[in-house]
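Welcome! Please take a moment to look over the sequence and the 3D view below, and then read on for a short tour.

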Amino acid sequence: MSFSIVCDAISFEWADGTPVVSDLDVAFGPGRTGLVGVNGSGKSTLLRLIAGELRPSSGTISVAGEVGYLPQNLPLATGSTVADLLGITRQRAALHAIESGDAAAEHFTVIGDDWDIEERARAELDRLGLGHLDLDRTAATLSGGEVVLTGLAALLVRRPEVLLLDEPTNNLDLDARRRLYAAVRSWSGVLVVVSHDRTLLDLVDQVADLRDGTVRMFGGNLTAYEETLEVEREAAERSIRAAEGDVRRQRRELEEAATKLDRRVRYGNKMNANKREPKIVMGARKRAAQVSAGKHRATHAERLDQARDRLTEAEQALREDDEIRVTLPETEVPAGRTVLTLSGLTGLYELRGGPDGEGEPVEELVVRGPERIALIGPNGSGKTTLLKRIAGGGPVRAGYLPQRLDLLDDSLSVLANVRRFAPSAPVNEVRARLARFLFRGERAERPAGTLSGGERFRAVLAALLSAEPPPQLLLLDEPTNNLDLASVRQLSQALSAYRGALIVVSHDLPFLETLEVTRWLSKER
């Protein structure tokens, strides 16, 4: 099998010395590969290394062909346009100059063979449901989903041999996700995708599991991968039970051997006291007994140590991801208490019976008690704008988690960031809170700028829920973005412990179902 991407013994650490990968070997061949692993395992960093955005501190990376890379968050330069995002601004300007009669040689050089670049760009935009976008439109006016799809369109226009996608379904509405799935299905080159989207990961040909600094390949899609892990988990649990039984048996045999040896010693002492055998014979018997006892005891002790080692190995083979633990009684909102009243709304509908139900116009939004409200709707309909209006529009104690997770100061540690939200809380109390969000010990001292997407989300959530005073209304904008599958489960657990009101913008229906949504709202253009 020929490999298009080969990483040979690569290592990388951040500027502060925090290691990410060490002596990692991995190769990706033709077809679609889903790269999975817990947050912080180095998935996004590995994509950036392959794309050339980062350089390994040691080892080599070789890629056959041009690389197209779609990061989690596309950088948006001030004043950039849709054409800038597509990467066609210079060629488009050269085309327009030639069309207006300017036949300068540099224009032809810029264009090269891409005389149809503008038509191809518009065709890819239309294919992804963005045919309504003007190429001169300012990128800052696009929704998060429109930015992601425009970035994908830019890659499809370039036609690279290797495509790297990092959480490409972030911020995409249901229709946009279906268009992205179609693009992935039709991709004929090499594709490596990091995602938590189950539907997307069921389209891949193989799964690469990055865990504890090594990559393990599994043939098949996400469903096949999870079935394999379940078989391994059951086998590991059987091994643990067998090893535990072996430890108990070896401990019992060691105790029985010690009892027998003790009886022999007492018998020998009794014979010696009665002098029933010659002294030289009894001395020899005593020495032989001591040697035999030592060997016997050492044998059983060694067997017990071996049984304990087998138990440790069996326990390590059982994959268990840490769980977020949150207890926040101070955020509790009694049923019936009004936490939000917002009037003058347009384009908002309450859906009866779930996300596919009939909608009734809502001109005034009233939230009472610990309601769980899901806010859905197409990209660009104004869901984020509505959340921002709620966050800044009244006396309600609201915590707002934006899509881009830009509440943290990247130059400060996780601990220092959370203390900004809870300045009067003792340091040990803040550390205890962070530990519940899986930031223990030195992890709490890491600079926020070195965190993975999932780690950053946990840090922002810890900061919001530690705020003084604690929020009684939590506003979450696409909270499952950048989270691995284990972290989505952890988020569900954290939100289940939150006792205030909740408004969540998300296109992740399986996730919303875990929140036991009490009301469904839809925002239309």
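## A buried glutamate

Glu124 counts as buried because its relative accessibility is 15%, where buried means under 20% relative accessible area, exposed over 50% and partly exposed in between, with a 1.4 Å probe and protein chains only. This is a predicted model, in which local features need pLDDT of at least 70 and side-chain atom pairs count only at pLDDT 80 or more, while totals for chains, interfaces and linings use all residues. Residues are numbered from 1 along each chain as its sequence is written, and side-chain values use heavy atoms, with hydrogens and water left out.

**Around Glu124**

- Glu124 sits in helix 5, residues 117-127; helices (H or I, at least four residues) and strands (E, at least two) are DSSP runs, numbered from the N terminus.
- Leaving aside residues up to four places away in sequence, Glu124 touches Ala153, Leu156 and Val157, contact being heavy atoms within 4.5 Å.

**Helix 5 meets helix 6**

- The axes of these two helices come within 9 Å and cross at roughly 135°; axes are lines fitted to C-alpha atoms, for helices over the stretch in contact, and angles run from 0 to 180 degrees between N-to-C directions.
- Helix 5 and helix 6 are therefore oblique to each other, as angles under 35 degrees count as roughly parallel, over 145 as roughly antiparallel, 65 to 115 as roughly perpendicular and the rest as oblique.
- Among the residues that meet here are Ile117, Ala121 and Leu125 in helix 5, and Thr150 and Ala153 in helix 6.

**Two nonpolar cores**

- Leu86 and Leu165 touch the most other members of the largest nonpolar core, which has 49 residues; such a core is a set of buried Ala, Val, Leu, Ile, Met, Phe, Trp, Tyr and Cys residues joined through side-chain atoms within 4.5 Å.
- Helix 6 (residues 144-158) gives the most to this core, with nine residues.
- Another core, of 43 residues, lies apart from it and includes Leu465 and Trp520.
- Not counting residues up to four places away in sequence, the contacts of Leu86 include Ala121, Leu125 and Ala154.

- Three strands form an open antiparallel sheet in the order 2-1-4, and two strands pair if DSSP finds at least two bridges between them.
- Strand 2 (19-28) and strand 4 (58-63) are the edges, each pairing on one side only.
- Strand 1 (residues 5-13) is joined to strand 4 by five bridges, and Cys7 stands opposite Ile61 in strand 4.
- Helix 1 (residues 43-51) packs on the sheet, touching strand 1, strand 2 and strand 4.
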